[in-house]
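The exercises below are meant to be worked through with the sequence and the model side by side. Please try each task before reading its solution.

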Amino acid sequence: MWESFGFEFINFYFIPGLVLGCIYALGAIGITLTFGILRFANFSHGEIMMTSSYLTWEFIMIFTSLGILAHPLIGAIPASICAILLALFVDRFFYKPFRNAPTIMIVIASFGMMLIIRSMVQVIWGPNQLTFVKGIAKPNAYIRDLTASFDFMLLIPNKHFSILIGTVLIMLLFNYLLSSTKIGKGMRAVSDNPDLAKVSGIDVENIIKATWIVGGFCAAAAGVFLAMDTQFIESTMGFRMLLPMFAAAILGGIGRPFGAVAGGLIIGLAEELSAYPWFGDGPVISPGYKSGVAFSIMVLMLIIKPSGLFKGKVF
Amino acid sequence: MDIILGYFLYGMSLLTVGGIYALLALGLNVQWGFAGLFNAGIAGFAAIGAYTYAILTTAESKFHYGGLELPLLVGDVMAMVLAGFIAGVIGLICIRLRADYLAIATIGIAEIIKLVLKNESDITNGPRGINKIPRTWEHFSEERFYSSFPLNVINSSDSWQSFFESIARWWWQPFFAGTIILIVLFTYFLLEKLRTSPWGRMMTAIRENEMAAAAAGKDVTRRRIEAFILGALIMGLAGAFLGQHLRLIEPTQTFDPSKMTFLVWVMLIAGGSGNNKGAILGAFLIWFVWSSSELVTNGMIEILASIFDSVDISILKNRAGFIRMLFIGLLLQIILQRYPKGILPEKRPAVSGKI
């Protein structure tokens with residue numbers, strides 16, 4: 001059973017799907033938070049992700065020039081701070097003027113920001129692909145030997161390992177923030193009913209700032225994890241992630257952060273598993289159409305149940 | 001003399017592409033300006049138009065499906081029909097939801113269309129694209145056209161050949177640009193008629209207050225789908241002409257969302273959404289700004305290079321296109337914040353023509 005089916009399925013389809021799902025989940029948290037709290041679809045979210053992976057690359061270069069050999073996760077710490085500042089800056093100068101305007105204005109503004117941020121990154125770092133680490137990632141030897149002794153060999157590269165662990169840690173932190181802190185409770189209150197939250201004395205502007213900080217941090221993590229997973233950085237990577245992230249947010253229900261996490265995992269797994277030869281020899285869906293899977297799930301959801309799996313909002 | 005001719009031909013090509021963008025902006029104006037539908041997948045509809053036209057009209061090729069060699073008009077019409085059909089399908093799914101969802105869905109559909117064009121290489125030749133798309137007017141100087149109806153009735157193939165060899169190579173350029181301008185004007189008059197018609201006023205009512213319009217017995221969903229399809233028809237036609245102008249189309253670079261979708265949005269918002277004249281004005285204005293900014297940025301880089309001769313300007317030259325994109329993006333933000341109504345704000349039609 002393990003030899004004929006499990007080994008290939010788990011190692012080459014399930015674990016990569018899970019890793020991709022974690023990245024989508026982190027990105028979708030920010031999308032669903034801004035959609036729920038500020039009530040607009042933020043198109044520039046993918047670009048924050050992309051920018052933070054470029055920034056991480058830049059910080060690694062700076063550390064290396066100082067003689068410190070830095071892991072991408074170390075470079076990600078200053079990069080995520082910069083990503084949060086960027087998100088706050090964009091909100092202050094490009095989204096805040098439209099707070100009381102029809103929401104579609106802010107959607108157009110975010111659509112424009114998408115291009116502005118991307119061309120800025122292209123001006124600074126150029127159009128070519130960059131990379132953190134070159135070469136093929138070898139599976140973690142310890143896990144391989146340990147699981148092989150139980151006839152259950154798992155091949156998990158270190159990069160996948162750190163992505164999975166990192167996502168779980170961020171999720172736990174996020175859960176604590178939402179359920180036990182004043183800011184998190186305020187965020188849920190504004191998301192449920194902004195007017196009621198306002199009259200109960202919640203400072204909505206502060207909550208919005210907190211939303212951008214949380215969303216920006218998760219986006220930065222997602223961007224760095226994505227760059228670690230695919231091992232290259234390019235300026236269109238954010239745009240490529242945008243659709244699956246929206247799909248995850250809609251699948252989980254708008255305004256439901258943990259729904260977005262579930263949605264992200266489902267979409268990531270669905271994309272990878274769609275290439276598995278379920279029937280016969282060839283992949284069920286040709287790998288070229290992999291990125292169409294997310295879109296089909298999203299459209300199906302919009303037809304059947306626009307509120308998503310976890311009773312999200314529908315505007 | 002050669003210089004004047006050069007400027008003339010440059011002007012013609014500016015007019016051609018400006019006209020194509022004007023068509024796209026008019027199509028978007030029907031969707032966004034009239035009906036308030038956010039279409040973020042303009043590139044997708046243009047791609048459908050261009051590829052439909054290309055596959056139906058190109059000569060046989062061993063690289064892609066085709067060789068149908070249908071008349072060019074059939075190609076133009078089918079480009080519109082197919083783009084409209086796809087718009088109808090999307091409309092049925094997403095139009096009941098708020099504008100954001102439609103924006104996400106249209107971005108998605110544009111990406112899916114590109115994916116299909118890239119992967120179905122038996123039909124579309126994949127990433128290498130379709131070449132030698134026949135251009136209106138210029139196609140007459142190709143043998144397969146002058147040896148067939150209608151030109152073969154007037155004269156024999158040999159005399160046509162010698163005739164086309166005797167005239168200047170660029171003879172078709174003014175005709176091609178003129179045809180596009182005529183189509184823009186025709187579309188404009190059609191849309192103006194539509195805007196002041198009961199249908200147009202109903203669209204405005206639905207856009208401004210959906211509930212009230214529905215309460216007054218208007219079929220909101222149906223009207224919105226109609227507007228979405230009408231806009232997509234115009235975009236499909238624009239795509240067909242873009243294919244003709246470029247003669248070589250491929251899925252990624254030609255239909256880059258920043259140059260197709262985003263630029264058209266800037267045009268419409270700058271010109272004034274809801275105003276057909278504004279859409280055309282915005283399209284030409286932003287297109288001229290966009291093309292002349294190439295000269296400006298190149299000039300600025302030259303000046304920089306002459307001031308600091310130690311600086312390596314090749315990096316800047318590579319990235320000049322991104323700087324232009326950055327400026328266009330900032331321009332959009334400024335217009336959105338300072339002049340949200342655009343250069344020519346929308347004028348509401350009077351209640352009746354004869355007050």
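Helix axes are lines fitted to C-alpha atoms over the stretch in contact, and angles between them run from 0 to 180 degrees between N-to-C directions. Helices are DSSP runs (H or I, at least four residues) numbered from the N terminus. This is a predicted model, in which local features need pLDDT of at least 70 and side-chain atom pairs count only at pLDDT 80 or more, while totals for chains, interfaces and linings use all residues. Residues are numbered from 1 along each chain as its sequence is written, and chains are lettered from A and ligands numbered from 1 in the order in which they are written.

**Exercise 1.** Describe how α10(A) and α12(A) pack, and which classes of residue make the contact.

Solution. Begin with the geometry: helix α10 (residues 237-252) and helix α12 (residues 290-304) of chain A have axes 9 Å apart and pack at an angle of about 30°. Angles under 35 degrees count as roughly parallel, over 145 as roughly antiparallel, 65 to 115 as roughly perpendicular and the rest as oblique; α10(A) and α12(A) are therefore roughly parallel to each other. Next, list the residues in contact (C-beta atoms, placed from the backbone, within 7 Å): among them are A:Leu243, A:Phe246 and A:Ile250 of α10(A), and A:Phe295, A:Met298 and A:Leu302 of α12(A). Finally, sort them by class, where Ala, Val, Leu, Ile, Met, Phe, Trp, Tyr, Cys and Pro count as nonpolar, Asp, Glu, Lys and Arg as charged, and the others, Gly among them, as polar. The contact of α10(A) with α12(A) then has 12 nonpolar, no polar and no charged residues.

**Exercise 2.** Carry out the analysis for α2(A) and α4(A).

Solution. Helix α2 (residues 45-65) of chain A packs against α4(A) at an angle of about 15°, with the two axes 9 Å apart, and that makes α2(A) roughly parallel to α4(A). On the side of α2(A), the contact is formed by A:Glu47, A:Met50, A:Thr51 and A:Tyr54, which meet A:Met114, A:Ile117, A:Arg118, A:Val121 and A:Trp125 in α4(A). These residues divide into 6 nonpolar, 1 polar and 2 charged.

**Exercise 3.** Which element gives the largest share of the side of chain A that touches chain B?

Solution. The contact takes 32 residues from chain A and 35 residues from chain B. On the side of chain A, the elements that give two or more residues are α4 (103-125), α10 and α12, and α4(A) supplies the largest share, 13 residues. By class, this side of chain A has 24 nonpolar, 8 polar and no charged residues. As for confidence, the model scores ipTM 0.85 and pTM 0.89.

**Exercise 4.** Are A:Arg39 and B:Asn125 buried or exposed, or in between?

Solution. A residue is buried if 20 or more other C-beta atoms lie within 10 Å of its own, exposed if 12 or fewer, and partly exposed in between, with C-beta atoms placed from the backbone. A:Arg39, in the loop between α1 (2-37) and α2 of chain A, counts as partly exposed because it has 19 C-beta neighbours inside 10 Å. B:Asn125, in the loop between α5 (121-124) and α6 (143-146) of chain B, is buried because 23 other C-beta atoms lie within 10 Å. Most residues other than glycine have a negative phi, yet phi is near 60° in A:Arg39 and near 65° in B:Asn125.

Conventions. Contact = placed C-beta atoms within 7 Å.
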